[in-house]
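This briefing concerns a single protein chain. Please examine the sequence and the model shown here before reading the points below.

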Amino acid sequence: MKVECKISADYKEPYAVLYINKMTETIAEIISMLEKENVNSLPLTATKDKKLYFIKPEDISLVRAEGRDIVCYDRHKNRYLLDKPLYELENILDINFVRISKSAIVNINQINHVEASFNGTMELVMKNGITDYISRGFRKSFKERLGLE
């Protein structure tokens, strides 16, 4: 594999582009290591049982609107209330998160599998067992984000 690295004080933050013909386990591990360099992975504040918790983004599995509440589920299926709207969380959360519908954002590292469902939607099953649907409007961007299209 050919590798090129440019170092300059002009670059405000690291940025990497990979040109590959297929995803391999090694390349996926390298991408994961590079993404961990992200400085925007500060913990989010969330409440549960009238207590305040600090949750690391990498521990979040799913963020979604449930009624009037914005909630997040961690890898152990714990449910927390957040005080920020989804659009703001989408900007705060790092590159490992992708929007799957108007009401949900998922951590791609926490996805167990995806399967086709009725009326053009796709069912998403997280590693913690929680399910949600990728709506038709977000299916294309979801697949592009994972390099499937």
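The model is predicted: local features require pLDDT of at least 70 and side-chain atom pairs count only at pLDDT 80 or more, whereas totals for chains, interfaces and linings use all residues. Residues are numbered from 1 along each chain as its sequence is written, and side-chain values use heavy atoms, with hydrogens and water left out.

**Overall fold**

- The protein chain contains three helices and 10 strands, where helices (H or I, at least four residues) and strands (E, at least two) are DSSP runs numbered from the N terminus.
- Read from the N terminus, the order of elements is α-β-β-β-β-β-α-β-β-β-β-β-α.
- Along the principal axes, the C-alpha atoms fill a box of roughly 50 × 40 × 25 Å.
- Of the 149 residues, 31% are buried; buried means under 20% relative accessible area, exposed means over 50%, and partly exposed lies in between (1.4 Å probe, protein chains only).
- The accessible surface comes to about 10800 Å², and carbon and sulfur atoms account for 52% of that area; accessible areas come from the Shrake-Rupley method with a 1.4 Å probe, and for residues only the protein chains shown count as cover.
- Among contacts (heavy atoms within 4.5 Å) between residues at least 6 apart in sequence, 37% join residues at least 24 apart.

**The β8-β9-β10 sheet**

- Strands β8, β9 and β10 form an open, antiparallel sheet in that order; two strands pair if DSSP finds at least two bridges between them.
- The edge positions belong to β8 (111-116) and β10 (131-134), each of which has a single partner strand, so one side of each is left without a neighbour in the sheet.
- From one strand to the next, the twist averages 25 degrees; axes are lines fitted to C-alpha atoms, for helices over the stretch in contact, and angles run from 0 to 180 degrees between N-to-C directions.
- Strand β9 (residues 122-126) is joined to β10 by four bridges, and V125 stands opposite T131 in β10.
- Helix α3 (residues 136-145) packs on this sheet and touches β8, β9 and β10, with its direction at about 90 degrees to that of β10.

**Residue S61**

- S61 belongs to strand β3 (residues 60-66) and is buried, at a relative accessible area of 0%.
- Beyond its neighbours within four places in sequence, S61 has contacts that include Y73, D74, R75, V106, M126 and N128.

**Salt bridges**

- The count is six salt bridges, each defined as a side-chain nitrogen of Lys or Arg within 4 Å of a carboxyl oxygen of Asp or Glu.
- D132 and R64 meet in a salt bridge with an N to O distance of 3.1 Å, linking strands β10 and β3 across 68 residues.
- Both partners are buried, D132 at 13% and R64 at 17% relative accessible area.
- E66 pairs with R79 in a salt bridge, with the closest N and O atoms 2.9 Å apart.
- E66 lies in β3 and R79 in β5 (residues 79-82), so this pair ties together parts 13 residues apart in sequence.
- E66 is partly exposed at 23%, as is R79 at 35%.
- In the salt bridge between E90 and R99, the closest N and O atoms are 2.8 Å apart; E90 is partly exposed at 36%, whereas R99 is buried at 15%.
- Through shared partners, salt bridges join R64, E66, R79 and D132 into one network.

**Surface patch**

- Y15, V17 and Y19 make a nonpolar surface patch of about 480 Å²; patches consist of residues with over 30% relative accessible area and no salt bridge, like charges being joined within 9 Å and nonpolar side chains (Val, Leu, Ile, Met, Phe, Trp, Tyr) within 5 Å.
- Y15 lies in the segment before α1 (25-35) and is exposed, with a relative accessible area of 74%.
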